[in-house]
Amino acid sequence: MNDNNCTTKHWTDYNEQEKLTRQLITAAQNGDRTALERLCIFYEPLFKKEMRREIFYNSIGYEEGLSLARLKFIELVLNYNGADFSHFAGYVRCRIHFALYDEMKKAWNRENNETAIPVGDDSDTPALADDMIEREELAILLKLALKKLTEKQRNTIKALYFDGYNGKEIAAKEKITPAMVSKNHKQALKILRGNIA
């Protein structure tokens with residue numbers, strides 16, 4: 001199969017996927033439970049991928065996070081305005097990620113509010129205060145170090161570590177090669193290590 005046939009097949013598959021997505025979402029919005037179930041089954045791997053992120057399953061819990069992702073997805077489907085069916089998967093991924101992120105922040109806030117200050121001798125108090133100060137200092141150092149990166153390096157670090165994209169996805173998004181993503185990543189880490197260490 002030559003490159004033109006591969007491209008045509010890929011484009012046809014892409015159009016079919018967009019058409020199927022449109023049909024299923026429209027049917028689900030009109031009360032078709034089977035269409036909604038098919039969409040949920042299709043997107044379940046995405047929910048599981050998000051919940052494999054350590055930051056989410058440690059703070060929310062794997063099953064609770066999956067339930068939240070499924071509920072958020074159903075809400076997205078039922079309220080989707082149909083603006084762009086071809087990029088619906090990216091839209092879902094972004095919205096699910098930020099729903100889980102918001103829930104994680106709520107869990108952290110609950111944990112911080114519920115955590116009592118340890119009762120004991122006063123020798124523990126300076127260590128607790130020192131730990132909090134060190135974390136604040138590290139956060140400040142990280143912000144300063146990120147400012148020393150180029151825009152491309154900063155975007156790469158943000159996409160990899162905060163947004164959860166992989167190298168190929170970043171390359172496609174930024175319209176650069178995966179090798180360039182790797183180079184930006186390595187240079188950024190070198191600069192960050194030098195500024196934070």
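This is a predicted model: local features need pLDDT of at least 70, side-chain atom pairs count only at pLDDT 80 or more; totals for chains, interfaces and linings use all residues.
Reader: Let's begin with the overall fold. What makes up the chain, helices or strands?

Author: The chain has 9 helices and 0 strands.

Reader: How much of the chain counts as buried?

Author: Of its 197 residues, 27% do. As for contacts, among those between residues at least 6 apart in sequence, 65% join residues at least 24 apart.

Reader: Why is threonine 156 called buried?

Author: Its relative accessibility is 2%, and buried means under 20%, so threonine 156 counts as buried. Threonine 156 sits in helix α7, which spans residues 151-162. Setting aside neighbours within four places in sequence, threonine 156 touches Ile170, Val181, Asn184 and His185.

Reader: Which residues meet where α2 and α4 touch?

Author: From α2 come Leu36, Leu39, Cys40, Tyr43, Glu44, Phe47, Lys48 and Met51. They meet Tyr62, Gly65, Leu66, Ala69, Arg70, Phe73, Ile74 and Val77 of α4. By class, this contact has 12 nonpolar, 1 polar and 3 charged residues. Gly65 is in the contact, and Gly counts as polar.

Reader: What makes a set of residues a nonpolar core?

Author: The residues must be buried, be of the listed nonpolar types, and be joined through side-chain atoms within 4.5 Å. The largest such core here has 25 residues. Those with the most contacts inside it are Leu39, Tyr43, Phe47, Phe73, Val77, Phe88 and Ile96.

Reader: Which helices supply this core?

Author: At least two residues each come from α1 (3-29), α2, α4 and α5 (88-114). Helix α2 gives the most, with 8 residues.

Reader: Which residues does tyrosine 43 contact?

Author: Leaving aside neighbours within four places in sequence, tyrosine 43 is in contact with Phe73, Phe88, Ala89 and Val92. There is also a second, separate core of 7 residues, including Leu146, Leu149, Ala188 and Leu192.

Conventions
Residues are numbered from 1 along each chain as its sequence is written. Side-chain values use heavy atoms; hydrogens and water are left out. Helices (H or I, at least four residues) and strands (E, at least two) are DSSP runs, numbered from the N terminus. Buried means under 20% relative accessible area, exposed over 50%, partly exposed in between (1.4 Å probe, protein chains only). Contact means heavy atoms within 4.5 Å.
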